Amino acid sequence: MTQRQTSPPPASETWRTTGERVESLLTACAAGGTAARERGEELVRIVTDFYGAGLERLLDLVHERGGLDDTVQAALAADELVAGMLLVHGLHPYGVADRVEGALESVRPYLGSHGGDVELLGVTDDGAVRLRLLGTCDGCPSSSATLALAVRGAVESAAPEITTIEVEPAAGSAGTTPAQGPLVPVDSLYSRLREADPSGGNAGDASAVWEPVAALVALGSGEVERLSAGGFPLVACRIGPELFAFHDRCARCERPMEGATLARRAGGGPDDGVLRCSACHAHYDVRRAGACLDAGAEGAHLDPLPLLADGASASVAVPSAPVAAR
């Protein structure tokens, strides 16, 4: 009887686990004592340096013969495995600032859907990325959630060597000055995401992942629907051509947004959108990343989720550890 041949996993998936395997082998070496662990680490370091030197020489040879043009460099940077290897050895064709700017460009559609934007002010010598939130993202009570989900993952993936993200208020913002803003440690940017995990797990230990949600494409203007993306409960709505998604939990009564409705704010324009919780009647500004509009509810807001749609498909960024919908 002929056995079915199974296709090998993609190269990217195979190499993605290499670092974990190396660490597990080093841990096993530690069972032989400190000296064994040190010898294992030295072996890894020597082999890495050896292949790094060969990779650098390879790029030099290609460059000397005129083959390392802009097109080739772009192809190298676009390949996940190759780009990762180049980063490890400090050979990536693009500098940190260029890579961070490219990462920010990839999340600008989401920020724009909330009437905001982000500006890269620079990258310091010690690896701190300086950003400025613009539009309604600046001063928004949920800007931490916006950064955590839409910016942090993209920036860290493109430039893993960064140490911190520094957020500076926009010039002329109420209650702020153009002076340097607070330094935000990279790890702290998932604090809002942890709060959005009703399972009580540490969602900050896992990155956000993009999950396709086909039902969003068919959502009509003015409609609200509760859905699940990768096991994560969300509530979504559409205002004209634009889609918005939030964690399915009211910030005031902490219940799911069952029966939530979308309406125009009194005196507002046709593009305004107010999401109303049917349980406690709280009102949330959809475009201002879910900020609560009710008196006495300053600081309350829904947790926005990055959403990208091209008319034919839609995806939402959610914690990679799935949680049960309530």
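Guide: Helices α4 and α5 are roughly perpendicular to each other, a label given to angles of 65 to 115 degrees, where under 35 degrees counts as roughly parallel, over 145 as roughly antiparallel and the rest as oblique. The angle between α4 (residues 70-78) and α5 (residues 80-88) is about 95 degrees, and their axes are 5 Å apart. Each axis is a line fitted to C-alpha atoms over the stretch in contact, and the angle, which can run from 0 to 180 degrees, is taken between N-to-C directions. Helices are DSSP runs of H or I with at least four residues, strands are DSSP runs of E with at least two, and both are numbered from the N terminus.

This is a predicted model, in which local features need pLDDT of at least 70 and side-chain atom pairs count only at pLDDT 80 or more, while totals for chains, interfaces and linings use all residues. Residues are numbered from 1 along each chain as its sequence is written, and side-chain values use heavy atoms, with hydrogens and water left out.

On the α4 side, the contact is made by Leu 76, Ala 77 and Ala 78; α5 contributes Glu 80, Val 82, Ala 83 and Leu 86. Contact here means heavy atoms within 4.5 Å.

The chain as a whole has eight helices and 15 strands. Of its 326 residues, 36% count as buried, which is to say under 20% relative accessible area; exposed is over 50% and partly exposed is in between, with a 1.4 Å probe and protein chains only. Among contacts with a separation of 6 or more, 52% are between residues 24 or more positions apart.

Val 123 gives one case of a link across the sequence. This residue belongs to strand β1 (residues 116-123), and its C-alpha atom is 6.2 Å from that of Ala 97, 26 residues away along the chain. Apart from neighbours within four places in sequence, Val 123 touches Val 96, Ala 97, Ala 128 and Val 129. With a relative accessibility of 28%, Val 123 is partly exposed.

Next come the strands. β7 and β8 are paired antiparallel through six bridges, where pairing requires that DSSP finds at least two bridges between two strands. Arg 238 has Leu 243 of β8 as its bridge partner. Two residues lie between the strands of this hairpin, and Gly 240 there has a positive phi near 60 degrees. Five of the six residues of β8 are buried, leaving the strand mostly covered. β8 also runs antiparallel to β13 (residues 304-305), with two bridges between them, and Ala 245 is partnered with Leu 305.

Three antiparallel bridges connect β10 (residues 274-276) and β11 (residues 283-285). These strands are part of an open antiparallel sheet in the order β9-β10-β11-β12, and its edge strands, β9 (261-263) and β12 (291-292), each pair on one side only.

Most residues other than glycine have a negative phi. Glu 254 has a positive phi near 60 degrees; this residue is in the loop between β8 and β9 and is exposed, at 56% relative accessible area. His 281 has a positive phi near 65 degrees, sits in the loop between β10 and β11, and is partly exposed at 42%.

Cysteines come next. No disulfides, that is, pairs of cysteine sulfur atoms within 2.5 Å, turn up in a search of the whole structure. For Cys 253, the nearest cysteine sulfur belongs to Cys 250 and is 3.7 Å away.

Last, β15 (residues 314-319) has five of its six residues buried, so this strand is largely enclosed by the rest of the structure. β14 (residues 307-309) pairs with β15 antiparallel over three bridges, and Leu 308 stands opposite Ser 315.
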